[in-house]
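The following note sets out points for discussion on the two-chain structure shown below. It begins with the overall form of the chains and then turns to their contact and to single elements and residues.

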Amino acid sequence: MKSNLKVFLKGIIDVSPLMIPVVPFGLIFGVLAIDIGFTPIETMAMSLIIFGGASQIVLLQLFSGGASSLVIISSVGAVNSRHLLYGAVVSEHLSDLKLIWKIIISYFLIDQAFAISNEYLKKNKDHNRYFHLVGGGATCWVIWQSTTFLGIILGAAIPEKLGLSFAVPLTFLALLVNDFRKFINVIVIIISGLVATLGYNYIPFKAYVIVAALAGLFTAMILTRKNKKA
Amino acid sequence: MSNWALILYCGLITYLTRFSMIALIKKEMFNDRIREILSFVPSAIFPAIIFPAIFINDIGLIEIDDNPKILAAMIAMFIGIFSRSIIATIFSGLASYWFLIFVV
């Protein structure tokens, strides 16, 4: 069995390539939050407390659009529902752990750490294999906090003319690159996007994110069911 | 609600979605069907952020003509599909957007 430190370091090494896009993402978040009117301390607190890129960007997007708190919080919840899947998948590897470790690991269960550790956890059966997940999550934590901080500082220096807010849809687009190759996913993407765009002004309380997501999931349910019968 | 309360609640809900399955749910409670549906969550949610950010302008109207974001996003999408690289997708989109607004 490898030492805890070695497994932790392996997590850091494995997650590193996935950290490259986190850098612009964190910078953009810091810049936009200041631009929208959050104080530097509030912006830093968002990255420390929420520690989730998609959640934080959705918060900014809806906040600047004048959505109510309830809608913002439930949209953040909807965006995060993918973590339920991550948790369910890794839970079988963590079931023997003490509650305190589960509490700590949950904070680090982010997209990138899940993506690399899920592979590792499947292949390794050592008792300390969860250190891999902690290593990946901690690496992302350091990058996320430092790029948020840099974004806060740079915020004032970056001209608005650059249209950096366009990086938000591009970042989310980038997270879907593998889904564009799958037929059902493409249909789901189009349905969700159309509902959100056409409903933007008509769905009350700026709840278009939730309504569009539900429409997309409903489409996925129907299409995957048909798929199985055929 | 104050900004601080908003940040705390968003943090709490984010944390709970990560913690709940690890702490409370046994894997038997997750059948393949639920797992399959949940795998579509990114495809169902991210477009709801992507599309309005591209097609809706500053005053809240759908803008198709004279909108450089559409072409830039399409270029980014094709680069993404072929490269499968997150960083290439983001940078090709930003670069084509800047090219369209500053050069063309």
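**Note on the predicted model**

1. A compact globule of 104 residues would have a radius of gyration near 13 Å, whereas chain B has 19 Å. The structure is a predicted model, and the remarks that follow should be read accordingly. The C-alpha trace of chain B spans about 55 × 40 × 25 Å along its principal axes. Of its 104 residues, 40% count as buried.

2. The secondary structure of chain B consists of five helices and zero strands, in the sequence pattern α-α-α-α-α. The chain is divided into domain 1, residues 1–39, and domain 2, residues 40–104. The C-alpha centres of these two domains of chain B lie 29 Å apart.

3. Chain A likewise has zero strands, with twelve helices. The radius of gyration of chain A is 19 Å, close to the 17 Å that the globule rule gives for 230 residues, so chain A is as compact as a globular protein of that length. Its C-alpha trace spans about 55 × 55 × 30 Å along the principal axes. Buried residues make up 50% of the 230 residues in chain A. Among contacts in chain A between residues at least 6 apart in sequence, 76% join residues at least 24 apart.

4. How is chain A divided into domains? The assignment gives domain 1, residues 4–162, and domain 2, residues 176–229. Taken over C-alpha atoms, 24 Å separate the centres of these two domains of chain A. Nine residues of domain 1 of chain A are in contact with six residues of domain 2 of chain A. On the domain 1 side, helix H4 (53–64) and helix H5 (69–80) of chain A each supply at least two residues, and H5(A) gives the most, with four residues. By class, that side has five nonpolar, four polar and no charged residues.

5. H4(A) has twelve residues and reaches 17 Å from its first C-alpha to its last, close to the 16 Å expected at 1.5 Å a residue. The helix is mostly covered, with ten of its twelve residues buried. Among the buried residues of H4(A) are Gly53(A), Ser55(A), Gln56(A) and Gln61(A), together with Ile57(A), Val58(A), Leu59(A) and Leu60(A). H4(A) is followed by Gly66(A), whose phi is positive, near 80°.

6. The contact between the chains takes 60 residues from chain B and 74 residues from chain A. On the side of chain B that touches chain A, the elements that give two or more residues are helix H1 (3–23), helix H2 (32–38), helix H3 (41–55), helix H4 (68–83) and helix H5 (86–103) of chain B. The largest share of that side, 17 residues, comes from H1(B). By class, the side of chain B that touches chain A has 43 nonpolar, eleven polar and six charged residues.

7. Which residues have the most contacts inside the largest nonpolar core? This core has 100 residues, and those with the most contacts inside it are Ile28(A), Val58(A), Ala113(A), Leu173(A), Val209(A), Ala213(A) and Ala48(B). The largest share of the core, eleven residues, comes from H3(B). Val58(A), named here, is also one of the buried residues of H4(A).

8. Leu173(A), another residue named in the core, touches residues of chain B. Not counting residues up to four places away in sequence, Leu173(A) touches Ile50(B), Ala73(B), Ala76(B), Met77(B), Gly80(B), Thr89(B) and Gly93(B).

9. Is Pro52(B) buried or exposed? Pro52(B) is found in helix H3 of chain B. It counts as buried because 24 other C-beta atoms lie within 10 Å, the cut-off being 20 or more. Not counting residues up to four places away in sequence, Pro52(B) touches Ala196(A), Thr197(A), Tyr200(A) and Tyr208(A). Pro52(B) and Ile87(B) are 35 residues apart in sequence and 22 Å apart in space, C-alpha to C-alpha.

Note on methods. Residues numbered from 1 in each chain as written. Chains lettered and ligands numbered in written order. Predicted model: local features only at pLDDT ≥ 70, side-chain atom pairs only at ≥ 80, totals over all residues. Contact = placed C-beta atoms within 7 Å. Nonpolar A, V, L, I, M, F, W, Y, C, P; charged D, E, K, R; others polar. Core = buried A, V, L, I, M, F, W, Y, C linked by C-beta atoms within 7 Å. Domains from an automatic or database assignment. Rg over C-alpha atoms; globule rule 2.2 N^0.38 Å. Expected span 1.5 Å × (residues − 1).
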